[in-house]
Amino acid sequence: MNETVTLRAKLDELEAILDSTRELEKRQKANTRSYHQKRQLIASLRATTYVMLYNALESAMRSVMRSIREQIELENIPSSDVTDYWRLDVVQAAFLDKMQAGTNHGNLLTDFVPFMTGRPSWEESKKDRLPFSGNFGQTTAVRLKDSLAITWAAPPHTLGGSDLENVRERRNALAHGLESFAEAGEKVTASDLLEMLGRVREFMLSYVTALEHYRDSKGYLKQP
């Protein structure tokens, strides 16, 4: 499974939308009729970029994490052969929600018995869970990379992935009603967003490729 292909297709689609939005900006400046209505519409179109881009990035992360977990299951290897990160991930997927919800201790111990088999496995609904609380962004990307001991650095001219924090913050503000789409869109132009998209594209395609290489090279196995 190549998650970079899916992510690249989504980013291409978003780029096409922004190209069209930029053309609308040019036409708006040349035609003063219905100026204010068109201006608000264009601003809202620009703001949707944050939501669409964030959704594409989070979807890519969920897919690649699922593919790594499924690969580990397919190997049918003992828990002792995988790194501590994945041993903990299995336990968290199975018990963390229950413990936080205040589960019955007796039931918890009963649920723990299957783990005595020592084979890493995840419930289907937990295979695409994100390995961090909150939302995906630059900080969580770096933290995950370090936790997996992946040797990878952000490509040049991507600002180290700092755009991801802006996308995350703008998406949250829009999702929670802290900022209207028209307000968010007034602060940027389509050209600004296209430049940001270019940096995010290069950063994320490189990052997801590194995660796929980690999966394909079985980086989840303990080193002798």
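This is a predicted model: local features need pLDDT of at least 70, side-chain atom pairs count only at pLDDT 80 or more; totals for chains, interfaces and linings use all residues.
Me: How many aromatic pairs does a search of the whole structure find?
Reply: Two rings count as a pair if their centres lie within 6.5 Å. When the whole structure is searched, the number of aromatic pairs found is seven.

Me: What kind of aromatic pair do Tyr85 and Trp86 form?
Reply: A pair of aromatic rings is described by how far apart the centres are and by the angle of the planes. For Tyr85 and Trp86 the centres are 4.9 Å apart and the planes make an angle of 80 degrees. Since planes over 60 degrees apart give this class, the pair is edge-to-face.

Me: Are Tyr85 and Trp86 buried or exposed?
Reply: The cut-off for the buried class is a relative accessible area under 20%. Tyr85 belongs to that class together with Trp86, and the word for each of them is buried.

Me: What is the angle between the ring planes of Trp152 and Phe203?
Reply: The rings of Trp152 and Phe203 form an aromatic pair with 5.3 Å from centre to centre. The pair is classed as edge-to-face, a label for planes over 60 degrees apart, and the angle here is 85 degrees.

Me: Which helix holds Phe203, the partner of Trp152?
Reply: Trp152 lies in the loop between helix H5 (138–147) and helix H6 (163–175), and the pair links distant parts of the chain, 51 residues apart. Trp152 and Phe203 also belong to one aromatic cluster with Phe136 and Tyr207. The helix that holds Phe203 spans residues 190–216 and is H8.

Me: What is the phi of His157?
Reply: Most residues other than glycine have a negative phi. His157, placed in the loop between H5 and H6, is exposed because its relative accessibility is 73%. Although His157 is not a glycine, its phi has a positive value, near 65 degrees.

Me: Is Leu159 buried or exposed?
Reply: Leu159 is also placed in the loop between H5 and H6, and its phi is positive, at about 55 degrees. A residue needs a relative accessible area over 50% to count as exposed. The value for Leu159 is 54%, so this residue is exposed.

Me: How far apart are the end C-alpha atoms of H6?
Reply: H6 has 13 residues, and at 1.5 Å a residue it should span 18 Å. The expected span uses one less than the number of residues. The distance between the end C-alpha atoms agrees with this expectation, at 18 Å.

Me: Which residue does the side chain of Glu15 meet in a polar contact?
Reply: Glu15 is found in helix H1 (residues 3–30) and is partly exposed, with a relative accessible area of 32%. Apart from neighbours within four places in sequence, Glu15 is in contact with Leu194, Leu197 and Arg201. The polar contact, at 2.9 Å between side chains, is with Arg201.

Conventions:
Residues are numbered from 1 along each chain as its sequence is written. Side-chain values use heavy atoms; hydrogens and water are left out. Rings of Phe, Tyr and Trp (its six-membered ring) pair if their centres lie within 6.5 Å; planes under 30 degrees apart count as stacked, over 60 as edge-to-face and the rest as tilted. Buried means under 20% relative accessible area, exposed over 50%, partly exposed in between (1.4 Å probe, protein chains only). Helices (H or I, at least four residues) and strands (E, at least two) are DSSP runs, numbered from the N terminus. Contact means heavy atoms within 4.5 Å. A polar contact is a pair of N or O atoms within 3.5 Å; within protein, one must be able to donate a hydrogen and the other to accept it, and residues adjacent in sequence count only if both atoms are side-chain atoms.
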